[in-house]
Amino acid sequence: MPQRLVARPLLRALNLLAAAMVTAVLVPRPAISQTGKSKAAPAKSYAVPRTPDGQPDMQGVWSNAVLTPLERPAELKDKEFFTQEEAAAYIKRTIEQGNKDRRDGSGTVDVDRAYNDFWWDRGTNIVKTLRTSLITDPPDGRLPALTPAAQKRAAQVKEARRLHPADGPEDRPLAERCLVLNSAGPPMSPSAYNNNYQVVQTAKTFVVWNEMIHDARVIPLDGRPHVPSSIRLWMGDSRGRWEGDTLVVDTTNFTGRTPFRGSGENLHLTERFTRMDAETLLYQYTVDDPESFTRPWSVAIPSVRTSGPILEYACNEGNYGMEGLLSAARFEEKKKSK
Amino acid sequence: MRTKLAVVLAGAGMLLAAVPMWAHHAFAAEFDEKRPLKLQGVVTKWELVNPHSWIHLDVKGPDGKVTQWMIEGGSPNSLFRNGFTKESLPQGTEIIVEGYRAKDGADRAVGANLTYAKDGKRLFMGGSAPGAGGDGK
């Protein structure tokens with residue numbers, strides 16, 4: 001992919017210069033749902049392409065790399081959308097913030113920050129709607145409160161980790177073990193890198209192949225019921241159906257070992273995929289988990305077409321970090337026992 | 001330009017909440033915040049493996065003894081998308097690493113800042129890396 005081998009600083013500079021102008025032209029605000037619950041529809045002038053069997057064709061490689069945060073920054077209060085100027089300033093600041101040679105803060109902060117932004121691939125723009133958060137509902141753009149039960153659960157996990165931080169790999173998060181990575185979902189979330197996914201469709205299945213740890217989620221479209229409730233899966237059990245030109249995917253049967261912002265095993269996740277135009281696949285989801293959240297909440301991410309390809313992510317094969325942190329834990333134990 | 005932007009940022013204030021760092025693992029579990037270090041050495045190998053790349057570095061001590069260090073970096077997937085390849089950091093390049101040493105005392109570290117020894121420029125930035133295709137290349 002030689003066309004992609006352009007130095008990032010150059011891309012950044014172009015982006016910064018163009019941000020205000022581009023967003024001014026490309027904002028399709030009315031087309032994208034304002035609450036995340038209302039139905040999304042492409043502009044009337046756009047004819048959604050079809051697969052040979054007549055489904056809306058969503059195949060291709062899409063990117064979720066976006067600088068818009070999940071939650072609206074508290075400082076923005078009731079500001080739901082940026083103006084063009086504010087958007088350009090926000091993009092500029094966010095990129096610069098990540099890219100600085102920062103050695104400020106405590107040692108803990110510095111170690112966890114690890115290294116500069118050139119190692120990452122977060123994207124260089126915010127959502128085209130200029131919304132200040134990916135969360136579209138509640139209207140304040142913030143996560144609803146966790147229920148007391150969910151808070152207790154989170155505290156128990158934290159305490160278990162404090163008591164047994166790394167007796168063995170099983171004590172570590174699934175992501176560190178290269179088993180499932182949070183951003184791959186479901187639901188999918190923008191992350192620091194590997195933000196790409198490829199859609200492949202057949203008449204009876206919708207496949208989402210995520211670059212983050214190369215999971216391929218094969219979603220049946222044939223109306224079969226969910227697996228029995230006794231069967232639980234880290235990534236849940238997904239079933240898809242067409243509602244007009246939108247693919248709606250219901251996912252249930254989670255394990256509770258892949259909590260999403262505090263969700264539990266009885267999370268009912270509803271995702272919606274809608275072709276908005278040639279370059280945009282709108283990805284929306286609603287988290288419905290009354291055991292964990294005081295109300296449902298919804299997110300909208302306009303995925304942008306990218307040339308790909310999906311790159312390999314052989315995580316376990318090169319996971320020297322696991323060996324390093326287990327070795328660190330043994331060292332700490334020895335030190336304490338002396 | 002960086003200095004100028006830094007000044008703008010200092011005044012920008014409210015939106016400067018830290019960019020949420022998501023990494024594959026908790027660095028603090030592997031590296032020791034109480035053992036910051038600065039190393040100067042010669043690159044012998046760059047392992048472009050996921051989930052993190054590793055730079056191998058020969059570091060000569062004051063007694064002339066050479067120690068082989070490994071420096072943890074980011075995923076090759078993002079580096080490749082940003083225009084960097086294996087040729088961007090050839091063997092023999094002399095670099096300076098500021099970072100933190102492994103908790104178990106091994107000759108491994110995470111690299112917070114990486115610069116070229118010859119001119120102090122940041123690694124991979126501003127077209128200074130061979131093959132990066134950036135400014136002036």
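Leaving aside neighbours within four places in sequence, which residues is A:Ile301 in contact with? The list is A:Asn64, A:Val66, A:Val127, A:Leu134, A:Pro190 and A:Tyr283. Contact here means C-beta atoms, placed from the backbone, within 7 Å.

Some ground rules. This is a predicted model: local features need pLDDT of at least 70, side-chain atom pairs count only at pLDDT 80 or more, and totals for chains, interfaces and linings use all residues. Residues are numbered from 1 along each chain as its sequence is written, and chains are lettered from A and ligands numbered from 1 in the order in which they are written.

Back to A:Ile301. The largest nonpolar core has 45 residues, and A:Ile213 and A:Ile301 touch the most other members. A nonpolar core is a set of buried Ala, Val, Leu, Ile, Met, Phe, Trp, Tyr and Cys residues joined through C-beta atoms within 7 Å. Buried means 20 or more other C-beta atoms within 10 Å of the residue's own; exposed means 12 or fewer; partly exposed is in between; C-beta atoms are placed from the backbone. Which elements give two or more residues to this core? In chain A they are α2 (84-99), β4, β7 (246-252), β8 (268-277), β9 (280-288) and β10 (297-305). Helices (H or I, at least four residues) and strands (E, at least two) are DSSP runs, numbered from the N terminus.

Why does A:Ile213 count as buried? Because 22 other C-beta atoms lie within 10 Å.

A:Cys178 also has a positive phi, near 65 degrees, and is a residue other than glycine. Find A:Cys178 in the loop between α4 and β3 of chain A. A:Cys178 is buried, with 22 other C-beta atoms within 10 Å.

Next, the cis peptides. One joins A:Asp137 and A:Pro138, with omega about 10 degrees. A:Pro138 is in the loop between β2 (135-137) and α4 (148-163) of chain A. Another runs from A:Pro186 to A:Pro187, with omega near 0 degrees. A:Pro187 lies in the loop between α4 and β3 of chain A.

Now strand pairing in chain A. Two strands pair if DSSP finds at least two bridges between them. β1 (residues 60-63) and β3 (residues 196-201) of chain A are antiparallel, over 4 bridges. There, A:Trp62 stands opposite A:Tyr197 in β3(A). β3(A) also pairs with β4 (residues 205-210) of chain A, antiparallel, over 5 bridges. A:Gln201 faces A:Phe206 in β4(A) as its opposite. How many residues are in the hairpin that joins β3(A) to β4(A)? It goes through 3 residues.

On to helix α5 of chain A, residues 320-337. Its 18 residues should span 26 Å at 1.5 Å a residue, and its end C-alpha atoms are 26 Å apart, which agrees. The expected span is 1.5 Å times one less than the number of residues. Buried in α5(A) are A:Gly321, A:Met322, A:Gly324, A:Leu325, A:Ala328 and A:Ala329. They cover an arc of only 165 degrees around the axis, which puts them on the same side of α5(A). That arc is taken from the directions from the helix axis to the C-beta atoms. Turned away from the buried side is a face with the exposed residues A:Glu333, A:Lys334 and A:Ser337. What covers the buried residues of α5(A)? The cover includes α2 (27-30), β4 (94-102) and β5 (108-116) of chain B.

That takes us to chain B. It has 3 helices and 5 strands. Along the sequence the pattern is α-α-β-β-β-α-β-β. Of its 137 residues, 40% count as buried. In chain B, 5 strands close into a barrel, order β1-β2-β3-β5-β4, with mixed pairing. β2 (residues 54-60) and β3 (residues 66-72) of chain B pair in the antiparallel sense over 7 bridges. B:Val59 stands opposite B:Thr67 in β3(B).

Last stop, B:Ser75. It is in the loop between β3 and α3 (76-81) of chain B. With 27 C-beta neighbours inside 10 Å, B:Ser75 counts as buried. Beyond four places in sequence, B:Ser75 is in contact with A:Tyr193, B:Asn50, B:Pro51, B:His52 and B:Ser53. B:Ser75 and B:Asp63 are 12 residues apart in sequence, yet 35 Å apart in space, C-alpha to C-alpha.

Terms used. Two residues are in contact if their C-beta atoms, placed from the backbone, lie within 7 Å.
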